[in-house]
2 protein chains.
Amino acid sequence: VALRQADHPIPEFALIRAIDRRFSRRVPQLVRGIGDDAAVVAISPGTWWHLTTDLLVEGIHFDLNTAAPESIGYRAAVANLSDIAAMVAVPRYLLISLAAPKCLTAARIYQLYDGLMSACRLHGVSLIGGDTSESKAGLFLSITLIGMTKAQQALFRHGAHVGDRIYVTGTLGDSLAGLQLLMQGRETRSVQRQGARLRRSHRDALVNRHLHPTARLAEGLWLNRARLATAAIDVSDGLSGDLRHLCEESRVGAELDLDKVPISSACRSYAETRRLEPVQLALKGGEDYELLFTVPPPKQQALERQARTRGFRVTCIGTIRPRRFSIRMKGGDGTLRPIPLTSYEHFRR
Amino acid sequence: VALRQADHPIPEFALIRAIDRRFSRRVPQLVRGIGDDAAVVAISPGTWWHLTTDLLVEGIHFDLNTAAPESIGYRAAVANLSDIAAMVAVPRYLLISLAAPKCLTAARIYQLYDGLMSACRLHGVSLIGGDTSESKAGLFLSITLIGMTKAQQALFRHGAHVGDRIYVTGTLGDSLAGLQLLMQGRETRSVQRQGARLRRSHRDALVNRHLHPTARLAEGLWLNRARLATAAIDVSDGLSGDLRHLCEESRVGAELDLDKVPISSACRSYAETRRLEPVQLALKGGEDYELLFTVPPPKQQALERQARTRGFRVTCIGTIRPRRFSIRMKGGDGTLRPIPLTSYEHFRR
């Protein structure tokens, strides 16, 4: 969000950091405050609670004229579930605040809740409270999700050490490809006529990945139990942005091997039809909701073996470097370039 | 909130109840879900957590053109703190989601947080997380507040029994009088010229009560420890509306003694200048944030003695009756009339 003080825009991260500095106080039970995927409090011996809150605004994060309420609800739930997955926690309770304009029918509001709760029910999350209000302009949705781990058994953004290897679950870039396909349906067809053709199954896979993403809670639970990783974050702003967040919080740099970034065959085909570099979709594409995590080299073998046994796809895509190295990416020709600053822009359809 | 399905408006309480029926599932740890001042979960042996969420919408709950951001923040915090006070819990953690239009300066956003946090700091509440976003139209604020009690030591709306006496802390109607004074400053002066005159100290007291209300957390903590009350709710929608909520959840009726309703001398003077019945301000005036609670007759004496010792004002204003009695109020002439249905309308300045 760009908020202006006089004429100077204040980017969202700067605002959050300023609020944190100004208003946060350290209290003994607070394990982690503002700055991670979720806040963590140690409220009882042996248990950590993880709390995350997300705001969705019509016209910024979604457009009711083009997106189905069910899909908006589903994706809102997954965004929060993914924050809990990145803490390697188990999601438990949900509170929803909703402000709706008078013209929105109760039927559409129920559809939105249906989408939300269908994503939550998969993981045993209970809706325990909320608030509703009229809105003068647009739909606003605020979700608070609460998860838990045993004490000392969460992963944070700040745990990565120099030498750790960088891993990611699944494949990246699919959600952005799916979004572009949804936005440019007509255009895509004309490109197809000119030559490279996108298979229907690939198109459906990408669009589905955008509309019904998966929070990597099973992978998070495994990482929690295996105790092989040192830091984690979910890829919601794009690989480029989220790797940057992880490095900033860990006070390290990173070397990303572009050739290793996992791209699905559907995303690769799509990139071909659009004459794009598929890895660019991964770097700047948000809402993939994969987990990005770091693993010390002695534990790599165990991690990869366990992943195979469990049927989880994990890929090593780079190495944590000292902070002075900054964050660079190695192309196919071996040259190192700085990682682009651009981060994912929210869904503006 | 009135949400339309076809042409049928759905009032806020009906919508919340419908969502509760459709989407809530009972889970063992959930002590209380949607329907009370806060949801309650038993998160660890011996501890209950209380979670409440509130949504504030520009143009519905406040108007940035006439209210100072600091006061909006302060009152938002008190509304949530009061929900926790009504559960006789101790507030602990706060999460804030804020969507702001681009034209709102960072300075005004900080003022809003300043107001919020100054109310919270009084009670040792920590800001632990949140989310910020741009808004296309208007400021939206969603607050989640988390409090705690020992297990089994909370009060709910549903605990009142026939024969229990109805008590209220402090005085009622002041906040609505303060709001009316703020809204009709000019008009009031002309009335004053005509005759009855409101003292400046009274005016200031009422306006201050509206702009800087107090959450009755100390009284809540006392009620928790004293274990003399059977049910509680905070007066945020007006005595009439909140007594109705308590009775509905407890499945009882009530007889309210209008002559006993505590009215401050400032509110009484104001009502005189405006030729209003002061008790009407108490019945429909919201945002007083006093506690309304019920006490079995054998415990009345102990309650009143303890209140005096601690310097808390408590007043017995009626008796819980069987449900078939419905909710009636007894006037000075002894006649019983049904309590008015009208509830407090949110601040629309």
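This is a predicted model: local features need pLDDT of at least 70, side-chain atom pairs count only at pLDDT 80 or more; totals for chains, interfaces and linings use all residues.

Residues are numbered from 1 along each chain as its sequence is written, chains are lettered from A and ligands numbered from 1 in the order in which they are written, and side-chain values use heavy atoms, leaving out hydrogens and water.

Stay on chain A and switch to cartoon. You'll find 11 helices and 15 strands (DSSP runs numbered from the N terminus: H or I of at least four residues for helices, E of at least two for strands). Of its 349 residues, 64% count as buried, meaning under 20% relative accessible area; exposed is over 50%, and partly exposed is in between (1.4 Å probe, protein chains only).

Now show both chains. A rotation of 180° with 0.0 Å of shift along its axis puts chain A on chain B, RMSD 0.0 Å (least squares on C-alpha atoms of residues with pLDDT of at least 70 in both copies). That is how a two-fold axis relates things. The two copies use the same surface, as 97% of chain A's contact residues recur in chain B (contact: heavy atoms within 4.5 Å). To find the axis, click A:Ala137, the chain A residue that comes closest to it, at 3.0 Å for the C-alpha.

Next stop, helix H2 of chain B, residues 69-86, where B:Ala79 sits. Is B:Ala79 buried or exposed? Buried, because its relative accessibility is 17%. Leaving aside residues up to four places away in sequence, B:Ala79 touches B:Asp54 and B:Tyr289. Try the distance tool on B:Pro213 too: 134 residues from B:Ala79 in sequence, but 8.9 Å away in space, C-alpha to C-alpha.

Move on to H3 of chain B. Its buried residues include B:Ile109, B:Tyr113, B:Leu116 and B:Cys120. Residues three or four places apart point the same way because an α-helix has 3.6 residues a turn.

Finish with two loops. Most residues other than glycine have a negative phi. B:Gln152, between strands E8 (140-150) and E9 (165-169) of chain B, has a positive phi near 70°. B:Gln152 is exposed, at 58% relative accessible area. B:Ser326 lies between strands E13 (314-321) and E14 (327-330) of chain B, with a positive phi of about 60°. B:Ser326 is partly exposed, at 36%.
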